[in-house]
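The following exercises are to be worked with the sequence and the structure at hand. Each task is followed by a solution in steps.

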Amino acid sequence: MSLLAVNQLVMQFGDRLIQKDVSLKVEKGCIFAVMGGSGCGKSTLLKHLVGLLPPAAGTVTYDGVDFWASDDAERSRLRSGFGMLFQSAALWSSMTVLENICLPLSRQTRLDGKQREAKAREVLEWVELGEFADFYPSSLSGGMKKRAGLARAIAAEPPLLFLDEPSAGLDPISSRRLDDLILDIRHRTGAAVVFVSHELPSLFAIADDGIFLDADSKQPIAHGCPRELARQDVHPTVHAFLHREVPPPAAAPATAKATS
Amino acid sequence: MPPPSLPQRPSLDALLRSAVGPLERPVRFIGEVLLSAAAASGGRWSFRREDLGRVLADCSARAVTIVLVVNLLVGAILAFVGAVQLAKFGAGIFVADLVGIAVAREMAAIITAVVIAGRTGAAFAAEIATMQANEEVDALEVLGLGAVDFLVLPRVASLLLMMPLLYIFACLAGLVGGMLVAAAMLDISAIAYLQRTAEALTWTHLGLGIGKSLTFGALVGMVGCYYGLNAKRNAAGVGVATTGAVVTSIVGIIVLDAIFALCANALDI
């Protein structure tokens, strides 16, 4: 049974269709990329997956349990099984970095106050922010905020992580360090990672599998590992995206499946 | 040839929905706050004590100076207007009755609520709207922490706790303001003024004022948080939420005070 399975999801705001027929599976330890151009619905898909926005149709299941068909208590239990890094890091501005990490620990674990603090400091050392534990988010740089947000997401060691454009807005070195950190997290904790990105170096460096959402046809047009997709004969839009080219004016619809 | 079709009348359901629709969200919000308060009173609160302490300090110690100054001046203005008129009839001493009753029944609660709406209610709206824009509220939701439980409840509870205290300070300031003007314009001694005030004021007046301050506190807290949570996720949204919170709070305070006046009149209190 897949850790996360999405079946025939329809994403819609009122009458405006964003994406349809979105299906994907994420297995344990897999790093899964949600790719696509700006405005195609990548972050919206993530909101459907983490329970922030109900989909118009389709199912999202965690270990076979349908998230959106579950009651509040079951959803709360399912939520405790994943961590999320938001695009803006979304650190709680009225709390220090340490408090930002202790709060999820108080919800998702049974650790007492001292154990929570020790665990939070350990995770901060891991993301190289140990000396910034007592800083407020407003005092951190963009890269530091992302790492602090990642520390918050992984603190309770959830089996599944959602990362919304983790390397967006970072310089190449910070971006590379974050990629290495994500690989290290997978190596150490065995967590699966679903990440939204249009940063090609990150996609090629860390993704094992992925899906490409197309803004024009409003449906996925490719599934597979980005490295494999880049080598295959795929939809012209996917090819243009993965090779950083300007796409042809009228790309014919076709769905590619890469074997990773 | 088919008969011409009559224009369709909107169904009763559609009419009711269009009439009640705009109220659905605020009514649901009030319901969520009440349910959350009921759960918290049973010991199941999820907000942090540090946040409650921070908000309590913000709407008490940090607000008391401006509340004292404004109410002192309102008491003085009431006394000034009363003194000019009452002196014409040789009834200057009754300025103490006028100021005492007006401050305790109406002005202290209203003016304090308006001041708190302008500083604390606006701050609630701006802070929560900014959190909304920065995805901080989403981060709470993903963690299973409802925004109402975590953000709204400590703020509304703080105002409910602190508004009656601010009201008492406001009453004292208003009476002092009236006393200063009475002493300066009518040469009434402080002791005579206070004695007259004590005779005029009853516990009913103070009880009514405290009831109003509690109601206004709940209103300002909920309105500020409601606008913050429903703000658009951009800088303009923060401004719109803040303005909306202050305007709605002030209008709500006046409307509620009018309802209080009608009820007090009907109950003869």
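Two residues are in contact if their C-beta atoms, placed from the backbone, lie within 7 Å. The model is a predicted one.

**Exercise 1. The overall form of chain A**

Determine how many helices and strands chain A has, and what its radius of gyration shows.

Solution. 
1. Chain A contains nine helices and eleven strands.
2. Its radius of gyration is 18 Å, and the globule rule gives 18 Å for 260 residues, so chain A is as compact as a globular protein of that length.
3. The C-alpha trace of chain A extends over about 60 × 45 × 30 Å along its principal axes.
4. Of the 260 residues in chain A, 46% count as buried.
5. Consider next the contacts in chain A between residues at least 6 apart in sequence: 65% of them join residues at least 24 apart.

**Exercise 2. A sheet in chain A**

State the order of the strands in the open sheet of four strands in chain A, and explain which strands stand at the edges.

Solution. 
1. Begin with strand S1 (residues 4–13) and strand S2 (residues 16–26) of chain A, which pair in the antiparallel sense over seven bridges. Two residues lie between S1(A) and S2(A), and the two strands form a hairpin. In the turn, Gly14(A) has a positive phi of about 65 degrees.
2. Individual pairs can be located between these strands: Gln12(A) is opposite Leu17(A) of S2(A), and Leu9(A) has Val22(A) as its bridge partner in S2(A).
3. S1(A) is also joined to strand S4 (residues 57–62) of chain A, by five bridges, and these strands run antiparallel. Here Val6(A) faces Val60(A) in S4(A), while Ala5(A) has Thr61(A) as its bridge partner.
4. The order in the sheet is S2-S1-S4-S5 (chain A), with antiparallel pairing.
5. S2 and strand S5 (65–66) of chain A each have a single partner strand, so one side of each is left without a neighbour in the sheet; these two stand at the edges.
6. Helix H1 (residues 42–50) of chain A packs on this sheet and touches S1, S2 and S4 of chain A. The direction of H1 makes about 120 degrees with that of S1(A).

**Exercise 3. Helices of chain B**

Check the span of helix H8 (residues 203–229) of chain B, and describe the surroundings of Ala170(B).

Solution. 
1. H8(B) has 27 residues, which at 1.5 Å a residue should span 39 Å; its end C-alpha atoms are 39 Å apart, which agrees.
2. H8(B) is mostly covered, as 20 of its 27 residues are buried.
3. Ala170(B) lies in helix H6 (residues 147–186) of chain B. With 31 other C-beta atoms within 10 Å, Ala170(B) is buried.
4. Leaving aside residues up to four places away in sequence, Ala170(B) touches Val67(B), Asn71(B), Ala108(B), Ile111(B) and Thr112(B).
5. Ala170(B) and Val74(B) are 96 residues apart in sequence, and their C-alpha atoms are 9.8 Å apart in space.

Notes. Residues are numbered from 1 along each chain as its sequence is written. Chains are lettered from A and ligands numbered from 1 in the order in which they are written. This is a predicted model: local features need pLDDT of at least 70, side-chain atom pairs count only at pLDDT 80 or more; totals for chains, interfaces and linings use all residues. The radius of gyration is taken over C-alpha atoms; the globule rule is 2.2 Å times the number of residues to the power 0.38. A residue is buried if 20 or more other C-beta atoms lie within 10 Å of its own, exposed if 12 or fewer, and partly exposed in between; C-beta atoms are placed from the backbone. Two strands pair if DSSP finds at least two bridges between them. Axes are lines fitted to C-alpha atoms, for helices over the stretch in contact, and angles run from 0 to 180 degrees between N-to-C directions. The expected span of a helix is 1.5 Å times one less than its number of residues.
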